[in-house]
Every structure is written in C-alpha cells, then in structure tokens.
Amino acid sequence: MTAVSAPVLPAAPAGVPVIKSLIPHRFPILLVDRVLELAAGRSIVTVKAVTCNEPWYQGVADDATQEQLGYPVPLLIESWCQSAALLAAWDQPAEQVAGQVAVFGGMSDVVVRGAALPGDVLRHEVRISRALDGVWFFEGRTLVDGEPVLEVGSVMTALRPASALLPDGTAV
C-alpha cells in the first residue's frame, strides 16, 4: 500500500485554491475568501468579503434600506463554521481529508452583535478549545472593522466520510 502524504500547505496567507483543497464547498456557498493567519491545531483567522453581487441579494429592491441589506445571519454563521472546518482539516493527512465533510453537531452561546453589509469584510477568528480523536470544539468571533458582529461560545464538529451522509445505494 502506498502512503499518501499530507498536502503541502502554506502556513498563511492562503487563498481559494488551498481552501478548495480542504473543504468541499463551491459557488455559491463557498463563504471563505482567504486564510490570513494560521496556527495549525490551535487557531485560524480568515476573511470573507460581502458583496451585493451574491445570490442572496438578487431579490432585494434597489431602494432597500440598510437593514434590508444585512448579510443573512445563517450565512454569517456558516462562513465562520467553514473557517472552523478549515482549521480542523488543515493538518490532517490527505487520505483523511479526501472525501470528508465537516459535520457540525451543536452550537451554544452564539450571540449576534451587529450586522454585516455589502462592502464589509468579515474577519473570522476561530480557536480550538478542545480536541478529541476526530472531534473538535471551537470558539471565536467575527469582526467587521474591528467591531464584533458574531460571538461563538462553542461549536462541535467532526470530519466524516461524505458517503456516510448519502442515502443507501447512492453513488458518490
């Protein structure tokens, strides 16, 4: 059996090609643009630029108010969680990352402190608070212009084979 080595990854910064090599997300739901900082096994800082050209703004009227242009909170949380998934996958062997998806099992103490708008850059700060065999607990926050818009007390995730999530008999 031939051993598969871990992908050669830069420490940081890293862009979309590296991100796509670690998580399965693609347009329109790839919600991380760049890895700015990384301490493998400990923490990651990523960014996501919010633009009015994203699909979720398609039906927003031209005369929409600032409140109506707020980035959807579920997508804000998803973007933060994709950053956590990147941190979990970063230093895993290639054979473990290939065909894997991050399954999030629970969140607690999630507080939305503000809104993000088109033109804002989300700065996701994620730390591992605890790690077990194949399971990670994360905490952190998201900032816009240095101000917190999201705080996450705890998120649990595990990397699992994508095929395990498909209905019986479905091919990958």
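This is a predicted model: local features need pLDDT of at least 70, side-chain atom pairs count only at pLDDT 80 or more; totals for chains, interfaces and linings use all residues.
Okay, the overall fold. The protein chain has three helices and six strands, taken as DSSP runs numbered from the N terminus (helices H or I, at least four residues; strands E, at least two). In sequence order that reads α-β-β-α-α-β-β-β-β. The C-alpha trace spans about 60 × 35 × 30 Å along its principal axes. Of the 172 residues, 38% are buried, meaning under 20% relative accessible area with a 1.4 Å probe, protein chains only.

Now, back to that cavity. By cavity I mean a set of points on a 1 Å grid over the protein atoms alone where a 1.4 Å probe fits but cannot get out; lining residues have an atom within 4 Å of a point. The lining includes L22, I23, A85, A89 and L159. α2 and β3 (100-112) are the elements giving two or more residues to that lining, and β3 gives the most, with three. By type, the lining has eight nonpolar residues, two polar and no charged; here Ala, Val, Leu, Ile, Met, Phe, Trp, Tyr, Cys and Pro are nonpolar, Asp, Glu, Lys and Arg charged, and the others, Gly among them, polar.

Staying with α2, which covers residues 73-90, W90 is found in that helix. W90 counts as buried because its relative accessibility is 7%. From W90 to V144 is 54 residues in sequence and 25 Å in space, C-alpha to C-alpha.

Last stop, the hairpin. Strands β1 (residues 34-39) and β2 (residues 43-49) run antiparallel, joined by five bridges; strands pair if DSSP finds at least two bridges between them. L38 sits opposite I44 in β2. Three residues lie between the two strands, and G41 in the turn has a positive phi of about 80°.

Note on methods: Residues are numbered from 1 along each chain as its sequence is written. Side-chain values use heavy atoms; hydrogens and water are left out. Buried means under 20% relative accessible area, exposed over 50%, partly exposed in between (1.4 Å probe, protein chains only). On a 1 Å grid over the protein atoms alone, a cavity is a set of points where a 1.4 Å probe fits but cannot get out, and a pocket is an open set with protein on both sides within 12 Å along at least five of seven lines; lining residues have an atom within 4 Å of a point.
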